[in-house]
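Have the structure open as you read.

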Amino acid sequence: MRSVPRTLDERATAERAAESGLVLPVLRTDRRREARLLLLMDVSTSTVVWQQALDELRQVCARAGAFRELAVQYLHEGPGGLPGCSSRPGTGGPLHAPEQLSDPTGRRVTLVLSDCAGPMWRSGRMQRLLHRWAATSPVAVVQPLPQRMWVRTHLPARRGLLHRREGPAGALEFRPDRGGPERGALPVPVLALRRPSVEGWARLVSGATGQSLAAAAGWVRADHSASAAPVRAAEELGGADRVRAFWRPASPEARRLAVYLSAVPLYLPVMQLVQHAMLAGSGPDVLSEVLLGGLLRRRPDADDPKAVRYAFLPGVATELRTRLTVEDVELLFKHCSEYVERRFGRSVRNFPALAGAYLRGTVTPGEGLAPVTDPGPDEPAGLRAFAEVSAEVLRDLGARMPRPAAGPELSVLELLERGREAQARFEAEGLTRALDDAVGHLRRALAAAGPGERRVEAAEELALSLLRRWQAGADGEDLREAWEALADLPGLTGRGRFVRGTLLWDQAVAVREEGIGFPGVGDDLRDWAVAAAHDGQDPAEFARAVLFLLADQDFQAVLDTPGEDADRRHASARALMNLRRLVALAGAGRHGPDGPYRDGVGPQEWYRAHLYRALDAATTAVTVSASHATRVERGRLWLDLARQFAGQGPVPAPVVQLDLARAAAVSAIDDLYDGLAPQNLKVAHAGEDFLPDAERCRAWLDLASAMGLSRITSEDGGDHRRLIEVLKRATEAARDDADLRFECHTRTARVHRDRYERTGDPALLDRAVDAWDTAVRLLPEDDPRLPAVLTDHGTTLHRRGERHDAPQDAHRAVDVLRRAVDETHPDDPELPARRHLLAAAHVGRYRQAHVLSDLYEADWLLGEVVRAAEEPRFLARCLILRGTVAEYLYDRLGTAGHLDEAVEHYARGAGHAREADADSLTALALRGRAGARERLGRTRPALADYREALRLTTDVTLAGRLRTDIARLTSGTADA
């Protein structure tokens, strides 16, 4: 037994010496250093700005002297919105369940650094997690926001008195200053990010019973409900309304910072630089206030996926810039130019510096943003954002900037030529300022052109430049202006129709991401969509339906234009293929007489019809250009259709049509193999397109899926060898991509397992186990896919162990399935099924090794499953197995009570089986109950159960056994 540390109590020793005259040491138990501290940082919402504060908090806790060890973890939002933990603050890594951090001994103390404003708090999941932790060990939240903002979070704190009560794990009770405690809830202390606050709480939880501390706390429940308050960023508000809503409660520093940030790229280091330079002395709470103010959203960064980047919601940046002075902008450009120089070096194009010079009027529009060096091969990642934002600020402040002297008037042809030259500069150098020049020249050309061919030419060139500028800078006004240039213009060429179709597609995608308030669509469309949507429908979906329809018409017009350029026809056909595939799925999910996609057919008919239309476009693309990639894409469309016919598609299929599924799968095989074979055999001619390795791997996997569907009713499973060969090719193409290799090995394992189910060949089980072994090794420890693959692996081991009577497989099956259960989140709906499989593995191991603990483990697991499950057929299977376990316990221990329990379990199983209308399962439960009753000497009810089971079963083997049972009880050999 580990000794409990004790220290000298100097005061008590002195008092004893004064009373007795003898100096005898008085020792007291010292548990302060037994506690372990876990610092958990929530890296959602605004908490990303608090990394330095986390480091300082770690130092404060270390200096407090109350903890034996200290660890740091980061809390992320995982799949399905569930909390997940990682040792790294960045996203994209493996996550593990936070329950693994719990400590039932109560020696771990947890501090959560969070603003309590993220989606996990909104959903109530974090509060429920804190409740589970607080029930066994001390936990507190360190709130970095100013106290005036605490009431606006999802863990509103109330002032009161924390009291250290009797009990383990630093148990605390909370007495609010106003009102009483909430019934059924636990208090979680909420601490300010200050040293006295944290140290006072640390002394309280690690000290003796009876101490108290004036502090704040919030209440959490085991069934904490989600917040009903609307998400501010998701509300349909204009930019001016959002700024007004932020302005009222915001601090003066937060208001000023929001205005300054409207002039810079919203990378976290740049935002912190601006705050430090423009608001010296302000803390990270000011930046957090801006991040939580309903003005911003997180934005993925294509150049650097690990970067923390934000974007203003539509219209917000423009509204905030109205509060900027020219002097403020000059100073911000100066600080950004210094940052660019430090970050990227002096040899790159320093866009903020050039923009500052342009703002001061020291350069002319045509010259001031020219490259400062010869163009390099690539701009550094992140530099483009400075060019985009600098240009946007200059456009928004255009009325205040010094204007260069007007030059001589240019003709429409000269303006068109200059616009094309600027477009060429953009193509060569990637400078958005070149697009600004192109747009300026082409706007003037369009304004000066009269009706006729030149006007069409100017409108098409302007729309193309605006479309490119939108794709470079994501300014919705560019899309809107491009649409207005081409909307009702007669005489568009095929090139113009293609540009218009592309911008319509981009509008539809942006509306899906940003909602109906996206500024890149026209007011007429927005007003119509809002009027058309009712009963909670999303107006954005109505707008998307119209945009998709118009884009389809434009791309189809390009295909129908005689003599059109082959490359443009091919690009239009591929665009139509992808668009119609998207419309097929979108329309099937939002179909009906009042929905955005209105037709006289049902969802499945809609989905199939538009897949066929996508196939028509794909066929055109293949005809125009025999591209391997296009053949593969057409094969995937046939595969989507085959899955839908087979009842495996995304739209519920009332009728499964296996003949049509096989026919579509055969077409998919032809296209996929034709697209893959030349590349695999290395016989493609020079200049032909080759799929990248990863894409080729996915195509081989799709080919394997199509082969499976083409033989969907085959008794022998088709050509198993050929299917395995295709999966082998996929594995070779995956190369070092761990995710793809994992997919290949899991698919291979399932193919071997399914083949075994049909043939019973034991060698197939061996191959399946080997494939599962490899798949498991490819996953990191905290990968969310691990529980599922461990379940399949363990189940296959269990089957092999039972077939070969192999104790080693039985032991491995239990170990693997136990790991699968341990890795499963408590809220995962798959947990009951995995516990059932683990219980079955324990029973299987008991049959071979006769270890009594296996029966106890199985009985406990099945009890947990029965309490959590609801589906009657599954409940019936669990209770039948639990009845079997009870009979084994009787065989081993000889306790009649176990037979009574078996009768009860079988009876409940039969009831659930009847509820599910599962006669064969009811027969199994009744036979189990009959056997237990017979062993208890209750032959008459046992005989009735046997006869009822015989009446219900259709299984020939079971029926034969039941007749034997009945004959035994009616032959006179059974006990009366």
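Start in the loop between helix H26 (720-734) and helix H27 (738-759), which is where Arg 735 sits. This is a predicted model, so treat what follows as a reading of a prediction. Arg 735 isn't a glycine, yet its phi is positive, at about 50 degrees. Most residues other than glycine have a negative phi. As for cover, Arg 735 counts as partly exposed because its relative accessibility is 49%.

There's a second case of this kind further along. His 850 is in the loop between H31 and helix H32 (852-868), and its phi is positive too, near 60 degrees, again in a residue other than glycine. With a relative accessibility of 47%, His 850 is partly exposed. Here are the loop residues together:

| Residue | Phi | Relative accessibility |
|---|---|---|
| Arg 735 | about 50 degrees | 49% |
| His 850 | near 60 degrees | 47% |

Now step back into helix H31 (residues 831-849), where you'll find His 842. Is His 842 buried or exposed? His 842 is buried, because its relative accessible area is 1%, and the cut-off for buried is under 20%. Leaving aside residues up to four places away in sequence, His 842 touches Val 814, Arg 818, Asp 854, Glu 857, Ala 858 and Leu 861.

Next, a pair of helices. The axes of helix H21 (residues 566-589) and helix H23 (residues 628-645) come within 12 Å and cross at roughly 20 degrees. Angles under 35 degrees count as roughly parallel, so that's the label for H21 and H23. The crossing of H21 past H23 is left-handed. From H21, His 570, Arg 574, Met 577 and Arg 581 do the touching; on the H23 side they meet Ala 629, Thr 630, Glu 633, Arg 636, Leu 637 and Asp 640.

On to the sheet. It's open, has 9 strands with mixed pairing, and reads S5-S4-S3-S6-S7-S10-S11-S8-S9 in order. Strand S5 (83-86) and strand S9 (172-176) are the edges, each pairing on one side only. Ignoring direction, neighbouring strands are turned by 40 degrees against each other on average.

Look at the S5 end. Strand S4 (residues 69-77) runs antiparallel to S5, and 4 bridges join them. His 76 has Gly 84 in S5 as its bridge partner, while Glu 77 stands opposite Pro 83. Which residues of S5 are buried on each side? Pro 83 and Cys 85 are buried on one side, Gly 84 and Ser 86 on the other, leaving both faces of S5 covered.

Helix H4 (residues 125-134) lies across several strands, including S4, S5 and strand S11 (212-221), and runs at about 120 degrees to S11. Helix H5 (residues 195-206) also packs on the sheet, with S8, S9 and S10 among the strands it touches; its direction makes about 140 degrees with that of S10.

Finally, the overall tally. The protein has 37 helices and 13 strands, and 51% of its 976 residues count as buried. Of the contacts with a separation of 6 or more, 66% involve residues 24 or more positions apart.

Definitions and conventions
Residues numbered from 1 in each chain as written. Predicted model: local features only at pLDDT ≥ 70, side-chain atom pairs only at ≥ 80, totals over all residues. Heavy atoms only, no water. Helix = DSSP H or I, 4+ residues; strand = E, 2+ residues; numbered from the N terminus. Buried < 20%, exposed > 50% of the residue type's maximum accessible area, 1.4 Å probe, protein only. Contact = heavy atoms within 4.5 Å. Pairing = 2+ DSSP bridges. Axes fitted to C-alpha atoms, helices over the stretch in contact; angles between N-to-C directions. Parallel < 35°, antiparallel > 145°, perpendicular 65-115°, else oblique. Left-handed = near helix turned anticlockwise from the far one by under 90°.
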